[in-house]
Amino acid sequence: TAIMLRHFTTTAILLLMAVNLAAGALLRRRPDSPGLSAGLVTANLALITALVAFTGGAGSSLWVLFLLPIFTACLLLGPPEAAGFTAAVIAVNAGFAFFGERRDPAVLALEALLKSGLFAFAALLTWRLAAAERDTRRRLESESRRADALAVSLEASSALSEIGLVGAGVA
């Protein structure tokens with residue numbers, strides 16, 4: 001069974017890498033596709049859950065991989081979806097802590113609480129940074145459109161002034 005476990009772990013890691021490489025390629029082609037983004041985050045969450053389950057559950061050192069779907073959801077999806085994926089990660093992590101381990105319940109509760117706090121804090125911070133970046137990008141695009149309109153207006157004024165100079169030279 002140790003060989004099967006190692007084989008499964010290797011396969012899950014390779015699938016996780018493949019999903020993320022495919023996500024990068026697909027999202028470059030269709031950057032504004034929330035359904036695709038949600039599907040990719042779901043696939044990541046499922047693969048990471050399986051990987052953590054087969055490498056020790058709550059005792060697995062790979063629990064930090066749960067930050068990947070949280071970061072991805074915060075960067076690519078809206079607030080309700082990002083909150084939903086964060087809640088799912090917290091629920092899965094709590095499930096590992098309370099249903100998989102046979103240790104002192106107080107220690108398990110503390111570990112679950114600390115990890116949940118980390119997940120929530122990471123989601124909140126990532127969401128705020130992503131929202132600020134999106135807001136800055138929108139303002140930049142607005143200012144760029146305004147600058148383009150001013151450039152067109154300036155060109156029209158320049159053309160009119162040249163016509164006026166030519167008219168004044170003729171008179």
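**Close-up views of a predicted model**

**View 1. Packing of helix H2 against helix H3.** The axes of helix H2 (residues 34-54) and helix H3 (residues 67-76) approach within 9 Å and cross at roughly 170 degrees, which makes H2 roughly antiparallel to H3 (angles over 145 degrees). Axes are lines fitted to C-alpha atoms over the stretch in contact, with angles from 0 to 180 degrees between N-to-C directions; helices are DSSP runs (H or I) of at least four residues, numbered from the N terminus. Ser37, Val41, Asn44, Leu45 and Ile48 of H2 meet Leu68, Pro69, Thr72, Ala73 and Leu76 of H3 in the contact (heavy atoms within 4.5 Å). This is a predicted model, in which local features need pLDDT of at least 70 and side-chain atom pairs pLDDT 80 or more, whereas totals for chains, interfaces and linings use all residues. Residues are numbered from 1 along each chain as its sequence is written, and side-chain values use heavy atoms, without hydrogens and water.

**View 2. The largest pocket.** Its volume is about 360 Å³, the space filled by probe spheres set on the grid points, which are joined across faces, edges and corners. A pocket is an open set of points on a 1 Å grid where a 1.4 Å probe fits, with protein on both sides within 12 Å along at least five of seven lines; lining residues have an atom within 4 Å of a point. Of the 15 lining residues, Pro31, Asp32, Leu75, Leu76 and Arg134 lie nearest the centre. Helix H5 (105-170) gives the most to the lining, with five residues.

Conventions. Helices (H or I, at least four residues) and strands (E, at least two) are DSSP runs, numbered from the N terminus. Angles under 35 degrees count as roughly parallel, over 145 as roughly antiparallel, 65 to 115 as roughly perpendicular and the rest as oblique.
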